[in-house]
Amino acid sequence: MKEYINYDLYKNNTMRLHCVASYLYEPESNEELHQLVQKLRSSNENFKILGGGSNILMPEHVEKVISLRSIETDTFVEGNIVKAGASISIQKLIRTCQDHSLGGLEFLFTLPCQLGGAIYMNAGRGGQKSVSISDFVKNVTYMDSSTGVIHTISKEECLFAHRHSIFQGKNWIILSAELELEDKDPDIVHKDINGRLERSKKYLDSGKPSCGSVFCQYNSRIMSFLKGIRIGNAQYSNKTRNWISNNGNATYHDVLKLIRLAVFLHRLTFQKYEIEIIIWKQ
(Lines give C-alpha, C1' and ligand atoms only; values in the text may rest on other atoms or scores of the structure.)
Protein backbone atom coordinates (compact mmCIF):
# COMPACT_ATOMS: atom_id res chain seq x y z
CA MET A 1 0.00 0.00 0.00
CA LYS A 2 1.20 3.48 -0.85
CA GLU A 3 1.05 6.23 1.75
CA TYR A 4 1.62 9.96 1.31
CA ILE A 5 1.83 12.87 3.74
CA ASN A 6 0.55 16.38 2.86
CA TYR A 7 -0.48 15.26 -0.61
CA ASP A 8 -2.09 17.77 -2.97
CA LEU A 9 -5.11 16.14 -4.63
CA TYR A 10 -5.01 18.62 -7.53
CA LYS A 11 -4.61 15.87 -10.14
CA ASN A 12 -7.07 13.60 -8.35
CA ASN A 13 -10.14 15.75 -9.05
CA THR A 14 -11.44 16.85 -12.43
CA MET A 15 -12.23 20.36 -11.14
CA ARG A 16 -8.48 20.78 -10.59
CA LEU A 17 -8.80 22.35 -7.14
CA HIS A 18 -5.88 22.33 -4.75
CA CYS A 19 -6.77 20.19 -1.73
CA VAL A 20 -4.03 18.99 0.59
CA ALA A 21 -4.67 15.70 2.37
CA SER A 22 -2.73 15.28 5.58
CA TYR A 23 -2.62 11.56 4.80
CA LEU A 24 -3.41 9.83 1.53
CA TYR A 25 -3.63 6.04 1.44
CA GLU A 26 -3.65 4.00 -1.77
CA PRO A 27 -4.42 0.33 -1.12
CA GLU A 28 -3.56 -1.93 -4.05
CA SER A 29 -6.09 -4.68 -3.35
CA ASN A 30 -9.44 -5.17 -1.65
CA GLU A 31 -7.61 -7.02 1.11
CA GLU A 32 -5.40 -4.00 1.82
CA LEU A 33 -8.46 -1.76 1.67
CA HIS A 34 -10.25 -3.95 4.22
CA GLN A 35 -7.26 -3.95 6.59
CA LEU A 36 -6.85 -0.18 6.29
CA VAL A 37 -10.52 0.55 6.94
CA GLN A 38 -10.50 -1.74 9.98
CA LYS A 39 -7.38 -0.02 11.32
CA LEU A 40 -8.80 3.49 10.92
CA ARG A 41 -12.19 2.54 12.33
CA SER A 42 -10.64 0.86 15.38
CA SER A 43 -8.89 4.17 16.12
CA ASN A 44 -12.14 6.12 15.56
CA GLU A 45 -10.50 8.07 12.75
CA ASN A 46 -12.63 9.66 10.06
CA PHE A 47 -11.66 9.37 6.43
CA LYS A 48 -12.97 10.10 2.96
CA ILE A 49 -13.15 7.73 0.01
CA LEU A 50 -11.91 8.98 -3.36
CA GLY A 51 -12.58 7.26 -6.68
CA GLY A 52 -12.11 9.04 -10.01
CA GLY A 53 -12.75 12.47 -8.48
CA SER A 54 -15.10 13.56 -11.26
CA ASN A 55 -18.08 14.58 -9.17
CA ILE A 56 -16.48 16.04 -6.05
CA LEU A 57 -15.91 19.55 -4.76
CA MET A 58 -12.86 19.50 -2.48
CA PRO A 59 -11.90 22.08 0.18
CA GLU A 60 -8.36 23.37 0.63
CA HIS A 61 -7.56 20.77 3.29
CA VAL A 62 -8.75 17.37 4.49
CA GLU A 63 -7.28 14.98 7.02
CA LYS A 64 -7.34 11.38 5.74
CA VAL A 65 -8.27 10.14 2.28
CA ILE A 66 -8.37 6.62 0.90
CA SER A 67 -7.86 6.62 -2.86
CA LEU A 68 -9.16 3.62 -4.79
CA ARG A 69 -7.24 4.37 -7.99
CA SER A 70 -4.45 1.80 -7.39
CA ILE A 71 -6.68 -1.18 -6.62
CA GLU A 72 -6.21 -3.80 -9.32
CA THR A 73 -9.31 -4.43 -11.38
CA ASP A 74 -9.83 -7.79 -13.06
CA THR A 75 -12.73 -8.11 -15.47
CA PHE A 76 -14.45 -11.44 -16.11
CA VAL A 77 -16.77 -12.03 -19.05
CA GLU A 78 -19.05 -15.03 -19.39
CA GLY A 79 -21.67 -14.79 -22.09
CA ASN A 80 -23.49 -11.49 -21.59
CA ILE A 81 -22.44 -11.18 -17.95
CA VAL A 82 -19.50 -8.91 -17.08
CA LYS A 83 -18.03 -8.76 -13.58
CA ALA A 84 -15.65 -5.88 -12.96
CA GLY A 85 -13.93 -4.15 -10.08
CA ALA A 86 -15.26 -0.76 -9.04
CA SER A 87 -11.96 1.00 -9.80
CA ILE A 88 -11.94 0.21 -13.52
CA SER A 89 -12.39 3.28 -15.68
CA ILE A 90 -15.60 3.48 -17.66
CA GLN A 91 -13.60 3.78 -20.88
CA LYS A 92 -11.58 0.61 -20.19
CA LEU A 93 -14.73 -1.28 -19.22
CA ILE A 94 -16.51 -0.28 -22.43
CA ARG A 95 -13.48 -1.25 -24.55
CA THR A 96 -13.23 -4.62 -22.78
CA CYS A 97 -16.90 -5.27 -23.49
CA GLN A 98 -16.35 -4.25 -27.11
CA ASP A 99 -13.59 -6.88 -27.40
CA HIS A 100 -16.19 -9.48 -26.37
CA SER A 101 -18.86 -8.16 -28.80
CA LEU A 102 -20.88 -6.67 -25.97
CA GLY A 103 -22.26 -3.15 -25.69
CA GLY A 104 -24.83 -0.84 -24.21
CA LEU A 105 -22.68 1.42 -22.03
CA GLU A 106 -21.29 3.63 -24.78
CA PHE A 107 -23.41 6.58 -23.63
CA LEU A 108 -21.09 6.78 -20.60
CA PHE A 109 -17.85 6.89 -22.58
CA THR A 110 -17.16 10.59 -22.08
CA LEU A 111 -17.54 10.48 -18.30
CA PRO A 112 -14.17 10.73 -16.50
CA CYS A 113 -15.19 8.28 -13.79
CA GLN A 114 -14.78 4.73 -12.58
CA LEU A 115 -17.41 2.01 -12.47
CA GLY A 116 -17.98 2.50 -8.74
CA GLY A 117 -18.66 6.21 -9.15
CA ALA A 118 -21.02 5.59 -12.07
CA ILE A 119 -23.03 3.15 -9.95
CA TYR A 120 -22.96 5.42 -6.90
CA MET A 121 -24.48 8.29 -8.92
CA ASN A 122 -26.49 6.03 -11.26
CA ALA A 123 -24.85 7.86 -14.14
CA GLY A 124 -26.84 8.12 -17.32
CA ARG A 125 -28.08 10.06 -20.29
CA GLY A 126 -31.18 12.20 -20.13
CA GLY A 127 -33.54 13.36 -22.82
CA GLN A 128 -36.04 11.26 -24.75
CA LYS A 129 -33.66 8.29 -24.82
CA SER A 130 -33.07 8.32 -21.08
CA VAL A 131 -30.89 5.43 -19.96
CA SER A 132 -28.72 4.81 -16.89
CA ILE A 133 -26.09 2.32 -15.82
CA SER A 134 -28.69 0.79 -13.49
CA ASP A 135 -30.41 -0.58 -16.60
CA PHE A 136 -27.48 -3.01 -16.92
CA VAL A 137 -26.68 -3.79 -13.27
CA LYS A 138 -27.42 -7.29 -11.91
CA ASN A 139 -25.82 -6.93 -8.48
CA VAL A 140 -23.27 -4.87 -6.57
CA THR A 141 -20.74 -5.96 -3.96
CA TYR A 142 -19.72 -3.43 -1.33
CA MET A 143 -17.93 -3.15 2.00
CA ASP A 144 -19.65 -1.54 4.97
CA SER A 145 -16.73 0.53 6.25
CA SER A 146 -18.30 0.87 9.69
CA THR A 147 -18.19 -2.90 10.24
CA GLY A 148 -15.79 -4.21 7.58
CA VAL A 149 -18.44 -6.71 6.42
CA ILE A 150 -18.79 -7.34 2.68
CA HIS A 151 -22.27 -7.66 1.16
CA THR A 152 -23.70 -8.35 -2.28
CA ILE A 153 -27.08 -6.85 -3.11
CA SER A 154 -29.34 -7.11 -6.14
CA LYS A 155 -30.23 -4.34 -8.54
CA GLU A 156 -33.60 -3.92 -6.83
CA GLU A 157 -31.95 -3.53 -3.43
CA CYS A 158 -29.74 -0.75 -4.82
CA LEU A 159 -32.84 1.51 -4.93
CA PHE A 160 -31.74 3.17 -8.16
CA ALA A 161 -33.51 6.36 -9.21
CA HIS A 162 -32.56 9.42 -11.25
CA ARG A 163 -28.90 10.09 -10.28
CA HIS A 164 -29.50 8.20 -7.07
CA SER A 165 -28.59 4.91 -5.41
CA ILE A 166 -28.73 3.42 -1.93
CA PHE A 167 -24.97 3.97 -1.60
CA GLN A 168 -25.29 7.73 -1.26
CA GLY A 169 -24.98 9.01 2.28
CA LYS A 170 -23.78 5.68 3.64
CA ASN A 171 -20.38 4.41 4.80
CA TRP A 172 -20.35 1.83 2.03
CA ILE A 173 -17.50 1.30 -0.42
CA ILE A 174 -18.47 -0.26 -3.74
CA LEU A 175 -16.02 -3.06 -4.58
CA SER A 176 -17.39 -4.64 -7.77
CA ALA A 177 -20.49 -5.18 -9.85
CA GLU A 178 -22.04 -7.66 -12.23
CA LEU A 179 -23.54 -6.20 -15.39
CA GLU A 180 -25.67 -7.81 -18.06
CA LEU A 181 -24.91 -6.29 -21.45
CA GLU A 182 -26.31 -6.80 -24.93
CA ASP A 183 -24.76 -8.57 -27.91
CA LYS A 184 -23.34 -5.87 -30.15
CA ASP A 185 -21.06 -5.78 -33.15
CA PRO A 186 -17.71 -4.18 -32.18
CA ASP A 187 -17.90 -1.87 -35.21
CA ILE A 188 -21.27 -0.54 -34.04
CA VAL A 189 -19.86 -0.05 -30.53
CA HIS A 190 -17.00 1.92 -32.07
CA LYS A 191 -19.46 4.04 -34.06
CA ASP A 192 -21.55 4.77 -30.97
CA ILE A 193 -18.43 5.76 -29.01
CA ASN A 194 -17.42 8.21 -31.72
CA GLY A 195 -20.96 9.58 -31.80
CA ARG A 196 -20.80 10.19 -28.07
CA LEU A 197 -17.42 11.93 -28.41
CA GLU A 198 -18.78 14.19 -31.16
CA ARG A 199 -21.87 15.05 -29.12
CA SER A 200 -19.73 15.84 -26.10
CA LYS A 201 -17.51 18.12 -28.17
CA LYS A 202 -20.58 19.94 -29.52
CA TYR A 203 -22.59 20.41 -26.34
CA LEU A 204 -20.24 20.11 -23.35
CA ASP A 205 -17.72 22.71 -22.24
CA SER A 206 -14.76 20.35 -21.95
CA GLY A 207 -12.10 22.96 -22.65
CA LYS A 208 -11.65 23.82 -18.98
CA PRO A 209 -11.60 21.73 -15.80
CA SER A 210 -15.00 21.08 -14.25
CA CYS A 211 -16.84 18.58 -12.09
CA GLY A 212 -19.61 18.07 -14.64
CA SER A 213 -23.28 18.75 -13.95
CA VAL A 214 -23.83 20.58 -10.66
CA PHE A 215 -27.55 19.84 -10.15
CA CYS A 216 -29.51 16.74 -11.09
CA GLN A 217 -32.79 18.65 -10.63
CA TYR A 218 -33.08 22.34 -11.43
CA ASN A 219 -35.11 25.08 -13.08
CA SER A 220 -33.94 25.56 -16.66
CA ARG A 221 -34.66 29.31 -16.74
CA ILE A 222 -32.62 29.94 -13.61
CA MET A 223 -29.64 27.94 -14.83
CA SER A 224 -29.80 29.63 -18.23
CA PHE A 225 -29.81 33.02 -16.47
CA LEU A 226 -26.65 32.03 -14.58
CA LYS A 227 -24.66 31.25 -17.73
CA GLY A 228 -21.44 33.27 -17.72
CA ILE A 229 -21.77 34.38 -14.08
CA ARG A 230 -18.33 34.37 -12.49
CA ILE A 231 -17.02 34.48 -8.93
CA GLY A 232 -13.27 34.56 -8.58
CA ASN A 233 -11.89 32.12 -11.11
CA ALA A 234 -14.96 29.88 -11.18
CA GLN A 235 -17.67 30.49 -13.77
CA TYR A 236 -20.96 29.05 -14.93
CA SER A 237 -20.20 27.93 -18.47
CA ASN A 238 -21.42 30.06 -21.36
CA LYS A 239 -21.75 26.90 -23.43
CA THR A 240 -23.19 24.25 -21.12
CA ARG A 241 -26.05 24.96 -18.73
CA ASN A 242 -25.64 23.67 -15.16
CA TRP A 243 -21.86 23.45 -15.55
CA ILE A 244 -19.15 25.28 -13.56
CA SER A 245 -15.71 25.72 -15.11
CA ASN A 246 -12.37 26.45 -13.49
CA ASN A 247 -10.87 29.38 -15.37
CA GLY A 248 -7.54 28.92 -13.59
CA ASN A 249 -6.75 28.61 -9.88
CA ALA A 250 -10.41 28.64 -8.84
CA THR A 251 -10.92 27.87 -5.17
CA TYR A 252 -13.34 25.72 -3.23
CA HIS A 253 -15.08 28.87 -1.99
CA ASP A 254 -15.38 30.33 -5.52
CA VAL A 255 -17.27 27.24 -6.68
CA LEU A 256 -19.29 26.95 -3.48
CA LYS A 257 -20.50 30.55 -3.80
CA LEU A 258 -21.73 29.88 -7.34
CA ILE A 259 -23.62 26.82 -6.15
CA ARG A 260 -25.13 28.75 -3.25
CA LEU A 261 -26.21 31.51 -5.66
CA ALA A 262 -28.16 28.97 -7.71
CA VAL A 263 -29.66 27.47 -4.55
CA PHE A 264 -30.72 30.95 -3.37
CA LEU A 265 -32.48 31.71 -6.67
CA HIS A 266 -34.30 28.37 -6.59
CA ARG A 267 -35.47 28.95 -3.04
CA LEU A 268 -36.42 32.55 -3.77
CA THR A 269 -38.68 31.44 -6.62
CA PHE A 270 -39.92 28.27 -4.89
CA GLN A 271 -38.35 25.99 -7.48
CA LYS A 272 -37.26 22.42 -6.78
CA TYR A 273 -33.57 21.59 -6.96
CA GLU A 274 -31.17 18.82 -6.01
CA ILE A 275 -27.40 19.09 -5.95
CA GLU A 276 -25.68 16.29 -7.83
CA ILE A 277 -22.03 16.82 -6.94
CA ILE A 278 -20.57 15.68 -3.63
CA ILE A 279 -19.33 18.57 -1.51
CA TRP A 280 -16.63 17.67 0.98
CA LYS A 281 -16.81 19.78 4.11
CA GLN A 282 -13.72 21.41 5.54
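Predicted model: local features only at pLDDT ≥ 70, side-chain atom pairs only at ≥ 80, totals over all residues.
**Exercise 1.** Find which charged end sits over the ring of Tyr10.

*Solution.* Start at the ring of Tyr10: the charged end of Arg16 sits over it, 5.9 Å from its centre. The criterion here is NZ of Lys or CZ of Arg within 6 Å of the ring centre and within 35 degrees of the ring normal.

Residues are numbered from 1 along each chain as its sequence is written, and side-chain values use heavy atoms, leaving out hydrogens and water.

**Exercise 2.** Work out how Tyr142, Phe167 and Trp172 are arranged.

*Solution.* First, take Tyr142 and Trp172: their rings are stacked, 4.2 Å centre to centre with 20° between the planes. (Rings of Phe, Tyr and Trp, the last by its six-membered ring, pair if their centres lie within 6.5 Å; planes under 30 degrees apart count as stacked, over 60 as edge-to-face and the rest as tilted.) Tyr142 lies in strand 11 and Trp172 in strand 13, so this pair ties together parts 30 residues apart in sequence; strands are DSSP E runs of at least two residues, numbered from the N terminus.

The three residues form one aromatic cluster.

Third, check burial (under 20% relative accessible area, 1.4 Å probe, protein chains only): Tyr142 is buried at 6%, and both Phe167 and Trp172 are buried.

Definitions and conventions:
Helix = DSSP H or I, 4+ residues; strand = E, 2+ residues; numbered from the N terminus. Buried < 20%, exposed > 50% of the residue type's maximum accessible area, 1.4 Å probe, protein only.
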